[in-house]
Protein chains: 2
Amino acid sequence: MSSGKLPDTTSFPRPARSLHSEVVEEIARWLIEGHLVAGDLLPNEVEIVERLGVSRTIVREAVRTMVAKGMLQVRRRNGTVVLGEDQWSMFDRELLAWRFRYGVSEDFLEELFRFRAGVETMAAEFCASTPGYDATPLLECCDAMALALQGKGDWFAADLNFHCLLLTGAGNRFLAHLTPMLENLFDALFSPDVLVEDNMRRTLPRHRAVAEAIAAGDPAAARERMLLLVGEARDDTLQRIDLLRGDRS
Amino acid sequence: MSSGKLPDTTSFPRPARSLHSEVVEEIARWLIEGHLVAGDLLPNEVEIVERLGVSRTIVREAVRTMVAKGMLQVRRRNGTVVLGEDQWSMFDRELLAWRFRYGVSEDFLEELFRFRAGVETMAAEFCASTPGYDATPLLECCDAMALALQGKGDWFAADLNFHCLLLTGAGNRFLAHLTPMLENLFDALFSPDVLVEDNMRRTLPRHRAVAEAIAAGDPAAARERMLLLVGEARDDTLQRIDLLRGDRS
DNA sequence: CCCAATTTGTTCGTATGTATG
DNA sequence: GCATACATACGAACAAATTGG
């Protein structure tokens, strides 16, 4: 009966999204926005069915998806409980996208930047210590960034590509698997419209220095320079965000 | 009708495992063992239903689970395709367990050890540079390992605990999220019955040296010593595995 | 110890929508 | 444009397990 209120879930101008993903994202939002926290019980299946106006099948499949991502745990008779954030798939593309969309905490960003610094220095070191590693794609990225500074081309794409190349080129599938994290970070925080030209002019030579150390096969230098690069990026970004927060409050 | 060939998928003496997890693991095995590779189409729903003797619902929910883990992608009308291993959730507890159970490649292990070295040195560095970090749990782990060497206590648990403490104690949720990887690695390769006392006697002082560097708040030393520790562990393990492989062939 | 209520687990039949050929 | 094959979605029913009286 309660489904009378929302007669047109399908009539939204959504291109090809399935009911499944709608419901998954809706429930995920409950958790990410904190309406349900670790230890809470999810409403039971029939209640969700009534609240969202979808069939039980959809709800069950949505729950399966979220269990697979470590967000829920379901026990017979007991209901479905929300797991702590420490159990959630931390590097899952979708989950990261949801977090950035529905709000990440300052702590989350801090730790993300610190972790990123660690893995990217690691990747730079790996690349530099790979015999015969071809660094030309990295240098080409730097050229593309330089062109973008003159208004010819896409800085954002070149910058992101540089960092992804590092992760994927290190010859380590675990490092390579962290690219969705970077992509989400870039999408959320370095979107083209917030790029500051001042920062770009400063960071470009840092990028090139890293690429050159890798081309020279010098792991220690690559590591050191990468640390400098991501440290500056961190400072720039967190400072910019603090300014935004300051404006809002 | 066609299910007459396998009348007893359910009659196995499995205690409380759900049909869902059975089917998920069965399909996962198809992928991990390589019967289906990237780009292949999964048999359609009805065929899986007939082959496994379960309902469509079960199959659909199993597919949802594996889509959530990045192993499958389903497209309307087109069928369900197997994704490349680079898309699979690399740090997912279940998926790691399946891989170790159904066979990991030598490359996989090599990269895992290299990645592990990177993140654990990172964690040691983070811990050592945390002001007021309490290193006594780490030192207690070393004591427990020393006792285990005298036959009093569980070396395996103490060793694993040492490394997990490092990851969880670094104050970084991304590092902490890598503990399932370590746990699976330890379970698969350092199980109590294959521990070599010689290696244990050598590695114990290495552990203590790391803990002491962290207690002293010396990130550079912590990093250096950790690198030594995991390097030796890597060599010991890969050598032992090579011996096993050599015996078998 | 058993009984009953609650909640998820599982199956089946059917209908719809959407690409493909 | 039509038919086909397949995933998508719904609803009703029964099974099984766990909790609490």
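Predicted model: local features only at pLDDT ≥ 70, side-chain atom pairs only at ≥ 80, totals over all residues.
In chain B, strand β1 (residues 72-75) and strand β2 (residues 79-82) run antiparallel and are joined by 4 bridges, where strands pair if DSSP finds at least two bridges between them, and strands are DSSP runs (E, at least two residues) just as helices are runs of H or I with at least four, numbered from the N terminus. The two strands form a hairpin with 3 residues between them, and B:Arg77 in that turn has a positive phi of about 65°, while B:Arg75 has B:Gly79 of β2(B) as its bridge partner.

Residues are numbered from 1 along each chain as its sequence is written, chains are lettered from A in the order in which they are written, and side-chain values use heavy atoms, without hydrogens or water.

Turning to the helices, α7 (residues 155-168) and α9 (residues 179-189) of chain B pack at an angle of about 160° with their axes 10 Å apart, the axes being lines fitted to C-alpha atoms over the stretch in contact and the angles running from 0 to 180 degrees between N-to-C directions. That makes α7(B) roughly antiparallel to α9(B) (under 35 degrees is roughly parallel, over 145 roughly antiparallel, 65 to 115 roughly perpendicular, the rest oblique). The contact (heavy atoms within 4.5 Å) includes B:Phe156 and B:Leu160 of α7(B) and B:Leu182 and B:Phe186 of α9(B).
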